[in-house]
Amino acid sequence: MFKRILCGVDETPESIEAVRQARQLAQLESEFVLVGVLDVAAAVHAGWAASAVLEDMRDAEVEALAAARGVGGEHTETRLVRGVPWSSIADMAREEDIDLVA
């Protein structure tokens, strides 16, 4: 039914739950694309500390993607991209022939 599933991932427990629920809808051979979106604009508000804040945000996203990968299963890839979360996920879904977005 769902061959390619895209899940937006962040550091919240709800994010992992979305991956779990999508896994239940998937077939064994379904491919999961887990994407973390680094919103650089959010770090800009930190002023001089923006570089450090951006690095902390990146580390949190990498950790969240690693945790979600364990839930996603065998055919799971992770990506970390920069952009606005909602539009980055929507663009990727259109470009990658995704069947389900969670």
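The structure is a predicted model, in which local features need pLDDT of at least 70 and side-chain atom pairs count only at pLDDT 80 or more, while totals for chains, interfaces and linings use all residues. Residues are numbered from 1 along each chain as its sequence is written, and side-chain values use heavy atoms, with hydrogens and water left out. Seven salt bridges are found in a search of the whole structure, and the largest pocket has a volume of about 220 Å³.

**Terms**

- Helices (H or I, at least four residues) and strands (E, at least two) are DSSP runs, numbered from the N terminus.
- A residue is termed buried under 20% relative accessible area, exposed over 50% and partly exposed in between, with a 1.4 Å probe and protein chains only.

**Salt bridges**

- A salt bridge here is a side-chain nitrogen of Lys or Arg within 4 Å of a carboxyl oxygen of Asp or Glu.
- Side chains of opposite charge can pair when their charged atoms come close.
- Arginine 4 and glutamate 31 form a salt bridge through their side chains, at 2.6 Å from N to O. Arginine 4 lies in strand β1 (residues 4-8) and glutamate 31 in strand β2, so this pair ties together parts that are 27 residues apart in sequence.
- Arginine 4 also meets the side chain of glutamate 96 in a salt bridge, at 2.9 Å from N to O. This pair links distant parts of the chain, with arginine 4 in strand β1 and glutamate 96 in the loop between α4 and β4, 92 residues apart.
- Arginine 4 is buried because its relative accessible area is 15%. Glutamate 31, at 37%, is partly exposed, and glutamate 96, at 23% relative accessibility, also counts as partly exposed.
- In helix α4, aspartate 91 and arginine 94 lie three residues apart, about one turn of the helix. Their side chains meet in a salt bridge of 2.6 Å, N to O.
- Aspartate 91 is partly exposed, with a relative accessible area of 34%, whereas arginine 94 is exposed, with 62%. Elsewhere, salt bridges that share partners join Arg4, Glu31, Glu77, Arg79 and Glu96 into one network.

**Largest pocket**

- A pocket is an open set of points on a 1 Å grid over the protein atoms alone, where a 1.4 Å probe fits, with protein on both sides within 12 Å along at least five of seven lines; lining residues have an atom within 4 Å of a point.
- Its volume is the space filled by probe spheres set on the points, and grid points are joined across faces, edges and corners.
- The lining of the largest pocket comprises 14 residues, of which Val9, Asp10, Val37, Glu61 and Pro85 lie nearest its centre.
- At least two lining residues come from each of β2, α3 (50-72) and α4 (85-95). The most is given by α3, with four residues.
- The lining has eight nonpolar, one polar and five charged residues. In this classification, Ala, Val, Leu, Ile, Met, Phe, Trp, Tyr, Cys and Pro are nonpolar, Asp, Glu, Lys and Arg are charged, and the others, Gly among them, are polar.

**Serine 30**

- Serine 30 is placed in the loop between α1 (13-25) and β2 (31-38), and is buried because its relative accessibility is 1%.
- A polar atom of the serine 30 side chain lies 2.5 Å from the backbone oxygen of phenylalanine 2. A polar atom of that side chain also lies 2.9 Å from the backbone nitrogen of glutamine 27.
- Not counting residues up to four places away in sequence, serine 30 touches Phe2, Lys3, Ile5, Arg23 and His75, where contact means heavy atoms within 4.5 Å.

**Threonine 76**

- Threonine 76 is found in strand β3 (residues 76-82) and is buried, at a relative accessible area of 7%.
- The backbone oxygen of glycine 72 is 3.3 Å from a polar atom of the threonine 76 side chain.
- Beyond residues up to four places away in sequence, threonine 76 touches Phe32, Leu34 and Arg69.

**Isoleucine 98**

- Isoleucine 98 sits in the loop between α4 and β4 (100-101) and is buried, with a relative accessible area of 15%.
- Leaving aside neighbours within four places in sequence, isoleucine 98 is in contact with Arg4, Ile5, Leu6, Val33, Met92 and Ala93.
- The C-alpha atoms of isoleucine 98 and glutamate 63 are separated by 24 Å, with the two residues 35 apart along the chain.

How values were computed: Polar contact = N/O pair within 3.5 Å; in protein donor to acceptor, adjacent residues only side chain to side chain.
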